[in-house]
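Please look at the sequence and the structure before reading on.

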Amino acid sequence: MPNRLANETSPYLLQHAHNPVDWHTWGDEALDLAREQDRPILLSIGYSACHWCHVMERESFEDVETARLMNGSFVNIKVDREERPDVDSIYMRAVQAMTGQGGWPLTAFLTPAGVPYYGGTYFPPEPRHGMPSFRQVLSAAADAYRARRDDVTRAGAQLTEVLARGATEPHPASGHFDARDGKLFAHAVSVAGRTFDPTNGGFGAAPKFPQPDFLHFLLRSGDPGTHGVTMAAHTLSRMAAGGIRDHAGGGFHRYSVDARWLVPHFEKMLYDNALIARALTRAHLLGARHLGPVAEETLDYVLEDLASPDGVFYSARDADSEGEEGLFYLWTPSEVRELLGSDEARLLSRIYDVSDAGNFEGRNILHLPHDVDAVARQEGMARDELDELLKASLSTLKAHRSTRPQPLRDEKVLTSWNGLTIRALAEAGPALGRPDFTRAAARAADVLLAAVRRDDTLRRVLTAGRVHVNGFLEDYGALGNACLSLYEATLDARWLTEAAWIADAMVDRFWSRAEELFYDAPEDGEALVVRPRDIMDNATPSGNSLATELLARSAALTGSAAHVTLTEKVLARERGTMERYPLAVGRLLGAALAHETSRLEVTLVGSFSRVGGMLERAHRHPHPNRVITGGDPAQPAVAALPAMHERLEHTGLGFVCVGTTCYEPVASSEALDATLRRAHTSMSAR
């Protein structure tokens with residue numbers, strides 16, 4: 001018999017629809033039931049592509065005896081963390097405060113009022129490695145609520161106070177944010193250098209996460225050859241060579257369990273591929289030309305595998321297929337020989353490390369452990385010839401792999417993740433000479449806005465034709481930034497207008513004028529034990545950083561004094577966080593860097609048909625704080641831009657300015673390129 005989750009659209013919740021557990025979804029019905037029956041709540045949070053969520057389901061939630069214990073003692077609530085990041089954020093922080101660690105599946109025990117009093121992550125079905133069994137945890141949590149109610153209530157109240165205080169207290173700052181003080185950014189690069197792995201790239205030891213927002217900050221922290229840029233480019237190069245990259249099918253897996261980027265957790269997340277592609281594009285512009293094709297391949301994967309028929313983007317591919325993690329992506333030498341023939345198989349196996357012993361549980365993850373140029377020389381082949389042969393071989397493997405049972409695709413459409421993807425496509429299009437990327441970005445934005453915009457507010461989730469869950473700060477920030485990037489890629493004023501209403505709605509719904517800070521949930525949203533607020537990036541950039549970036553970019557284009565003021569307030573408040581935990585706030589550091597650094601402003605007067613060549617050339621210039629503006633003067637939103645003042649009649653011309661210093665106008669892509677180089681050289685010499 002299916003349980004209540006059978007009526008949901010979330011792929012993660014539907015995975016649990018046939019558990020013998022009496023699952024509820026998060027909402028008034030379940031919370032009221034807990035209060036009426038005076039029963040504690042067992043809250044289980046995960047997501048569809050989570051390997052250990054699947055393991056705990058098979059071991060515990062499908063077990064009849066375990067379900068009997070759960071149903072007899074608790075009101076059981078299952079939450080998709082991707083649909084409800086507010087609920088996940090609160091109880092993840094609670095479990096981290098109680099246990100010192102977090103992750104998914106997240107298991108939390110709450111009073112009927114929603115106050116957490118115990119929790120953890122994965123629990124095994126039997127005691128092992130010093131961990132209690134899940135049944136032991138259930139019994140202990142139920143007994144604590146029945147027999148030690150006062151202790152539970154007191155501990156929960158103390159924890160809630162800690163959560164509320166942590167959400168609003170700024171970290172001690174060393175001083176007022178100064179828009180001309182570069183010490184903050186040099187300090188961030190220095191801190192990163194202390195844990196940088198010079199051999200494998202990345203920061204710290206295993207497991208290694210890509211951290212694309214911090215890498216993107218490093219890529220904007222200086223010119224090619226500077227320490228931050230070098231660390232980021234090397235990390236991206238090692239990731240591109242590792243097994244975290246799907247060499248046969250494109251895209252990147254979630255993270256690497258080892259220090260070499262070899263063995264990933266095999267789920268593929270939309271946000272990872274969007275954020276990594278954006279960093280790869282930036283590295284390409286800075287001279288790491290070998291990473292440009294990897295950025296294209298990554299976005300091609302997104303368009304091929306994660307795009308819906310109407311052009312928006314699904315959330316993820318699972319790690320598991322046929323009950324095994326990673327099976328879909330693994331190879332044996334015999335398979336490779338059968339598909340390619342002996343000569344091609346020998347060459348591919350040498351380059352991608354396919355062996356009889358295997359590099360993962362007797363099978364092989366494709367990766368590049370050797371210098372491909374050196375292998376080409378040893379094989380007596382030109383590099384171009386070798387690349388073409390390998391491309392054909394990988395295409396054959398990909399075609400064969402498509403006949404295997406595929407991992408589940410989570411066909412949930414999330415506003416914030418789509419915003420990140422639209423932005424990556426919009427920026428990569430002109431930078432990499434792929435106008436199809438720009439068109440895909442515009443199509444997705446059109447479809448998404450039509451679906452999730454409701455009376456000048458945003459919804460978060462679009463699944464199976466149903467739109468639900470009010471948008472969070474990250475949804476507004478990500479989609480607003482995407483619209484600004486589409487404007488810069490096309491000079492279509494429609495995207496400038498869309499970004500403007502999103503920014504205004506975001507401030508109205510999430511900015512606390514009394515406390516002068518952004519919350520992640522709207523003021524009129526569901527009342528939870530605390531109103532969630534997180535300044536640090538996690539798997540995705542924080543809502544606060546996305547919001548600050550949107551305001552800073554909007555101010556740079558429109559001259560909005562109100563947006564400048566709000567940007568300054570956030571940056572001043574969170575300077576202490578940026579100093580103490582720079583690797584955790586890469587997106588906010590990037591927003592601060594853009595706000596502080598002198599802008600290289602390119603204004604192009606005219607429609608895309610008149611200035612499209614100059615527009616593409618401007619996007620290929622590597623200056624980290626380049627702002628592109630302009631467009632058709634007949635569009636009112638364009639005509640109102642400060643940069644268009646006294647330039648409305650200069651159709652077909654491009655203007656380059658640094659601060660209050662402007663160069664002579666130009667009328668060709670070549671002349672614009674020369675002027676941009678002069679401006680960049682002048683700025684670097686200061």
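## Terms and basis

Packing is used here in the sense of contact, which means heavy atoms within 4.5 Å. The model is predicted.

## Helix α9

Eight of the eight residues of helix α9, which spans residues 212-219, are buried, so this helix is largely enclosed by the rest of the structure. The buried residues of α9 are P212, D213, F214, L215, H216, F217, L218 and L219, and they pack against α8 (183-195), α10 (227-241), α11 (270-285) and α24 (586-596).

## Nonpolar cores

The largest nonpolar core comprises 162 residues, of which F217, L236, I422, M506, F518, L589 and L672 touch the most other members. Helix α20, covering residues 493-510, gives the most to this core, with 11 residues. Apart from this core lies another, of 23 residues, among them A30, A34, V79 and L159.

When residues up to four places away in sequence are not counted, I422 touches F313, A441, A444, A445, L448, A482 and L486.

## A buried arginine

R460 belongs to strand β15, which runs over residues 457-463. Because its relative accessibility is 2%, and buried means under 20%, R460 counts as buried. The side chain of R460 reaches the backbone oxygen of E82 at 2.9 Å, whereas the C-alpha atoms of R460 and L42, which are 418 residues apart along the chain, are separated by 25 Å.

Technical notes. Residues numbered from 1 in each chain as written. Predicted model: local features only at pLDDT ≥ 70, side-chain atom pairs only at ≥ 80, totals over all residues. Heavy atoms only, no water. Buried < 20%, exposed > 50% of the residue type's maximum accessible area, 1.4 Å probe, protein only. Helix = DSSP H or I, 4+ residues; strand = E, 2+ residues; numbered from the N terminus. Polar contact = N/O pair within 3.5 Å; in protein donor to acceptor, adjacent residues only side chain to side chain. Core = buried A, V, L, I, M, F, W, Y, C linked by side-chain atoms within 4.5 Å.
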